[in-house]
Number of protein chains: 2
Amino acid sequence: MDPTDLWDEARRGDRRALARLLRIVEDRHDEARPVLADAWRRRPPSHLVGITGAPGSGKSTLTNALIATWRALDRRVGVVAVDPSSPFTGGALLGDRIRMQEHVGDPDVFIRSMSSRGRLGGLADTTAALVTVLGAAGFDPVVIETVGVGQSEVEVVHHADTVVVVLTPGWGDGVQADKAGILEIADVFAINKADRGSTTDTRRWLESMLEMAPDTNWEPPIVDTVATEGTGIDELADAIDRHRRHLITTDEGRRRRDRRVRGYVEAAVAEGMRRRMSGPDLDGVLAAVSSGALDPWTAADQLLGS
Amino acid sequence: MDPTDLWDEARRGDRRALARLLRIVEDRHDEARPVLADAWRRRPPSHLVGITGAPGSGKSTLTNALIATWRALDRRVGVVAVDPSSPFTGGALLGDRIRMQEHVGDPDVFIRSMSSRGRLGGLADTTAALVTVLGAAGFDPVVIETVGVGQSEVEVVHHADTVVVVLTPGWGDGVQADKAGILEIADVFAINKADRGSTTDTRRWLESMLEMAPDTNWEPPIVDTVATEGTGIDELADAIDRHRRHLITTDEGRRRRDRRVRGYVEAAVAEGMRRRMSGPDLDGVLAAVSSGALDPWTAADQLLGS
């Protein structure tokens, strides 16, 4: 079937057509380029929501609860879940099955798990491509859920319009420098599993850290949630909507879109370079570097043709 | 001072000369290229040890304890600590001070903390450069200690000869797919904080996971440690040395060096591309992508000149 026909089917809610478009893009089939060009042209102003937090903070459950809230508002929800996988467990596949269960049969929810290893493309570039296709297929919001808070995952959620950082009670205990990094990227905080302990300390810690932050005209709201019971989810969805309105009514929305465009182009360039890094030319260069005749940095200059 | 003179000073144990070489390389000064070419030519077969694990597993304390053991064997130890930092806390700087304390004044230990944000170069490329300089200055082993187990950090330790993964008692509890990823990269396991609980479950979990791993001629040893008391550190150092011998006596050593060379060249190419991604040409392309006239993937092709 022609990709153009696939689009029509996908926008009408045909899951198989959408799945095929996503697969074309993810597997870098020959048709990927026209599909992506098409998707970019068609893309509506979908709201891109990043959800991140430490493993075990309940991000998936929270995402599922948010989906239910958005569905009640008749929104079509797309999700790209960046899952780690491994030859040992096949993590992504497992994740897919668990996640899909709740919303299976709902044609207006589409969840795609993406393994962060063993992909043909780079993490950032593949996420950009999948998110673009979901947006073009009419999903709004489109959620990017990441498993960890490593640099590459932070990079990926950084391209969202609104970033939700999920914490748990007790998270503020102790001094760990690496906690601070996620403060910078959060537009909304959810303290999830609020039934497991007092959220006061985490909230207080967040507030004191936010006080030290540079002044902006958006103060990240902090919402207590119990995702497993659906508690606080409406408030969280409200906070996300408020941030969306903030983006629209201020310069910040345009600034983020510009940053995202730059990020997408950079990821695509990196991906293009990676594909070039093969062939007999490269083998000769690598052999020279291995022998010590050439250093990696001069080799890179040669490969870049400068 | 001429970089060649700095090398002579650095190899004689002059910390200020070494610090200057590292700064030239890290800050991408004009002299960085000849310094790196020089370092690559001079590099001796230093053993590159990666140490990684979840935040809070005690990696820094373990690294410090290993340094003491290696110093007792009269080895000169270099460390590149990949620290997250943030405008809020200045994490790397703090880390530097804490880490340096114990071995301050020992000219045969050099520890360099590297912030993973706000650097001019990419994480992988800067690590490669620092590690190359430390090796060329005569440090052996050279340790790369990373804070998290995100993808970019896994990439960085993947370039080591021997990767130590640090776990804690109770780590095997519950099923989390993202645990499996680190099994793939480990050559040696340390179950640290063995005084805080039984290591039996974690050990059993690891053993059962390793049984499912593809057959190789190296079975990752599992060492119980209490880094704060120095317990198990000699055994850990032994396990690392055994792996080093394994690399030398099998094909695996060459295979890893080749992989590292490829990784270094790829990182340098990515870095070179990143520096190119600026200027008026790019601005025009980004504006076209923002307006929807061009998609990011076609834009990347144009920028790559293909």
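Before reading any accessibility, I wrote down my cut-offs: buried means under 20% relative accessible area, exposed means over 50%, and partly exposed is in between, with a 1.4 Å probe and protein chains only. By that scale Asp224(B), at 29% relative accessibility, counts as partly exposed.

**Ground rules.** This is a predicted model, where local features need pLDDT of at least 70, side-chain atom pairs count only at pLDDT 80 or more, and totals for chains, interfaces and linings use all residues. Residues are numbered from 1 along each chain as its sequence is written, chains are lettered from A and ligands numbered from 1 in the order in which they are written, and side-chain values use heavy atoms, with hydrogens and water left out.

**Chain A overall.** I began with the secondary structure, taking helices (H or I, at least four residues) and strands (E, at least two) as DSSP runs numbered from the N terminus. Chain A has 13 helices and 7 strands. Of its 306 residues, 57% are buried. I then looked at contacts, meaning heavy atoms within 4.5 Å. In chain A, 74% of the contacts with a separation of 6 or more are between residues 24 or more positions apart. For the surface I used accessible areas from the Shrake-Rupley method with a 1.4 Å probe, where for residues only the protein chains shown count as cover. Chain A exposes about 13,000 Å², and carbon and sulfur atoms supply 49% of that.

**Salt bridges.** My criterion here is a side-chain nitrogen of Lys or Arg within 4 Å of a carboxyl oxygen of Asp or Glu. How many salt bridges does the structure hold over all chains? I get 36.

I picked out Arg203(B) and Asp224(B), whose side chains meet in a salt bridge at 3.1 Å, N to O. This pair links distant parts of the chain: Arg203(B) is in helix 9 (residues 200-211) of chain B and Asp224(B) is in strand 7 (residues 222-224) of chain B, 21 residues apart. Arg203(B) is partly exposed, with a relative accessible area of 25%.

Next I looked at Arg254(B), which is partly exposed at 41% relative accessibility. Its side chain meets that of Asp251(B) in a salt bridge at 3.2 Å, N to O. Asp251(B) is exposed, with a relative accessible area of 53%. Arg254(B) also has a salt bridge to Asp258(B), at 3.1 Å, N to O. Asp258(B) and Arg254(B) both lie in helix 11 (residues 252-276) of chain B, 4 residues apart, about one turn of the helix. Asp258(B) is partly exposed, with a relative accessible area of 33%.

Over in chain A, salt bridges that share partners join Arg71(A), Arg76(A), Asp106(A) and Asp108(A) into one network.

**Helix packing.** Two packed helices are described by the angle between their axes and the distance between the axes. The axes I used are lines fitted to C-alpha atoms, for helices over the stretch in contact, and the angles run from 0 to 180 degrees between N-to-C directions. For naming the angles, under 35 degrees is roughly parallel, over 145 roughly antiparallel, 65 to 115 roughly perpendicular, and the rest oblique.

Which helix pair did I check in chain B? I checked helix 4 (residues 59-72) and helix 10 (residues 233-249), whose axes come within 9 Å and cross at roughly 80°. These two helices of chain B are therefore roughly perpendicular to each other. In the contact, Leu62(B), Ala65(B), Leu66(B), Thr69(B) and Trp70(B) of helix 4 meet Ile233(B), Asp234(B), Leu236(B), Ala237(B) and Ile240(B) of helix 10.

In chain A, the axes of helix 3 (residues 32-42) and helix 6 (residues 123-136) come within 8 Å and cross at roughly 55°. That pair is therefore oblique. Leu36(A), Ala39(A), Trp40(A) and Arg42(A) of helix 3 make the contact with Ala129(A), Thr132(A), Val133(A) and Ala136(A) of helix 6.

A cis peptide bond joins Asp140(A) and Pro141(A), with omega about 5°. Pro141(A) sits in the loop between helix 6 and strand 4 (142-146) of chain A. In chain B, a cis peptide bond joins Asp140(B) and Pro141(B), with omega about 5°.

Lys193(A) is not a glycine, yet its phi is positive, near 65°. I found Lys193(A) in the loop between strand 6 (188-191) and helix 9 (200-211) of chain A. Asp74(B) also has a positive phi, about 65°, without being a glycine. Asp74(B) lies in the loop between helix 4 and strand 2 (77-83) of chain B, and at 62% relative accessibility it counts as exposed.
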